[in-house]
Amino acid sequence: MAEVQVGQQVPDFRLPASEGGEVALSDFKGKKVVIFFYPKDMTPGCTTEACDFRDAYSAFKDENAVVLGISPDSLQSHDKFIAKHDLPFVLLSDENHEVAEMFGVWKKKNMFGKEFFGIERSTFVIDETGKLEREWRKVKVKGHVDEVLQAVKSL
């Protein structure tokens, strides 16, 4: 499957959700959707990013935007992450990395001389009609959430 490009409709997807059941992208028609892909619950960069989204959450809500975090972690891991950091948004479990591949963020990585596949930290903004409007790849966490919020406000 070709990865989704800015300006294209994002294919609907459905993933297990931290609040129970499953969540589909189509559940949010009529709202802006911010999806942030992150490598792993409880790691320093991911915790900082999730807490930055948490701290700006009401500003996103004011812009009719939903925030969704996606990683390959299990729902049990997500539940601990949410509880520890009081995260107000849903985390989705992409254990088979199907959605990560659809967005082109499942990448070969190299750490300490070992190669492995994992999530490349990336954020996507989808408009009310389901069209991909903005993307940030290889995200540096500092200041990132503010940039995403400004993009959402400009839609």
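A salt bridge here is a side-chain nitrogen of Lys or Arg within 4 Å of a carboxyl oxygen of Asp or Glu. The model shown in every view is predicted.

**Figure 1. Salt bridge between Asp73 and Lys40.** Seven salt bridges are found when the whole structure is searched. In this one, the N to O distance between the side chains of Asp73 and Lys40 is 3.3 Å. Asp73 sits in the loop between strand E4 (65-71) and helix H3 (75-85), and Lys40 in the loop between strand E3 (32-37) and helix H1 (44-55), so the pair ties together parts 33 residues apart in sequence. Asp73 counts as buried, at 8% relative accessibility. Lys40 is partly exposed, with a relative accessible area of 44%.

**Figure 2. Salt bridge between Arg121 and Glu49.** The side chains of Arg121 and Glu49 meet at 2.9 Å, N to O. The pair links distant parts of the chain, 72 residues apart: Glu49 belongs to helix H1, and Arg121 to the loop between strand E7 (114-119) and strand E8 (122-126). Both Arg121 and Glu49 are buried.

**Figure 3. Charged side chains of Lys131 and Glu133, and of Glu3, Glu135 and Arg137.** In the salt bridge of Lys131 with Glu133, the closest N and O atoms are 3.5 Å apart. Lys131 is partly exposed, with a relative accessible area of 29%, and Glu133 also counts as partly exposed, at 22% relative accessibility. A network of salt bridges links Glu3, Glu135 and Arg137. As a general point, side chains of opposite charge can pair when their charged atoms come close.

**Figure 4. Buried and exposed residues of helix H3.** The residues His78, Phe81, Ile82 and His85 of H3 are buried. They lie on the same side of H3, because they cover an arc of only 95° around the axis. An α-helix has 3.6 residues a turn, so residues three or four places apart point the same way. Gln76, Lys80, Ala83 and Lys84 are exposed, and they are carried by the face of H3 turned away from its buried side. The cover over the buried residues of H3 includes H1, E4 and strand E5 (90-93). After H3 comes Asp86, with a positive phi near 55°.

**Figure 5. Ring pair of Phe36 and Phe53.** Ten aromatic pairs are found in a search of the whole structure. The ring centres of Phe36 and Phe53 are 4.5 Å apart and the planes are at 15°, so this pair is stacked. Phe36 is in strand E3 and Phe53 in helix H1, so the pair ties together parts that are 17 residues apart in sequence. Phe36 and Phe53 are buried.

**Figure 6. Ring pair of Tyr38 and Phe81, and the cluster around it.** The rings of Tyr38 and Phe81 have their centres 5.9 Å apart and their planes at 35°, so the pair is tilted. Tyr38 lies in the loop between E3 and H1, and Phe81 in helix H3, so the pair ties together parts 43 residues apart in sequence. Tyr38 counts as buried at 0% relative accessibility, and Phe81 counts as buried at 1%. Phe36, Tyr38, Phe53, Tyr57, Phe60, Phe81 and Phe89 are joined by ring pairs into a cluster. Phe81 is also one of the buried residues of H3.

**Figure 7. Nonpolar surface patch of Met111, Phe112 and Phe116.** Together, Met111, Phe112 and Phe116 have about 380 Å² of accessible area. Phe112 is in the loop between strand E6 (106-111) and E7. With a relative accessible area of 81%, Phe112 is exposed.

**Figure 8. Surroundings of Phe13.** Phe13 is found in the segment before strand E1 (14-16). Phe13 is buried, with a relative accessible area of 7%. Leaving out residues up to four places away in sequence, Phe13 touches Val23, Ala24, Leu25, Ile35, Ile70, Leu92, Val99, Met102 and Phe103. His97 is 84 residues from Phe13 in sequence, and the C-alpha to C-alpha distance between them is 12 Å.

How values were computed. Residues are numbered from 1 along each chain as its sequence is written. This is a predicted model: local features need pLDDT of at least 70, side-chain atom pairs count only at pLDDT 80 or more; totals for chains, interfaces and linings use all residues. Side-chain values use heavy atoms; hydrogens and water are left out. Helices (H or I, at least four residues) and strands (E, at least two) are DSSP runs, numbered from the N terminus. Buried means under 20% relative accessible area, exposed over 50%, partly exposed in between (1.4 Å probe, protein chains only). The arc is that of the directions from the helix axis to the C-beta atoms. Contact means heavy atoms within 4.5 Å. Rings of Phe, Tyr and Trp (its six-membered ring) pair if their centres lie within 6.5 Å; planes under 30 degrees apart count as stacked, over 60 as edge-to-face and the rest as tilted. Patches are made of residues with over 30% relative accessible area and no salt bridge: like charges are joined within 9 Å, nonpolar side chains (Val, Leu, Ile, Met, Phe, Trp, Tyr) within 5 Å. Accessible areas come from the Shrake-Rupley method with a 1.4 Å probe; for residues, only the protein chains shown count as cover.
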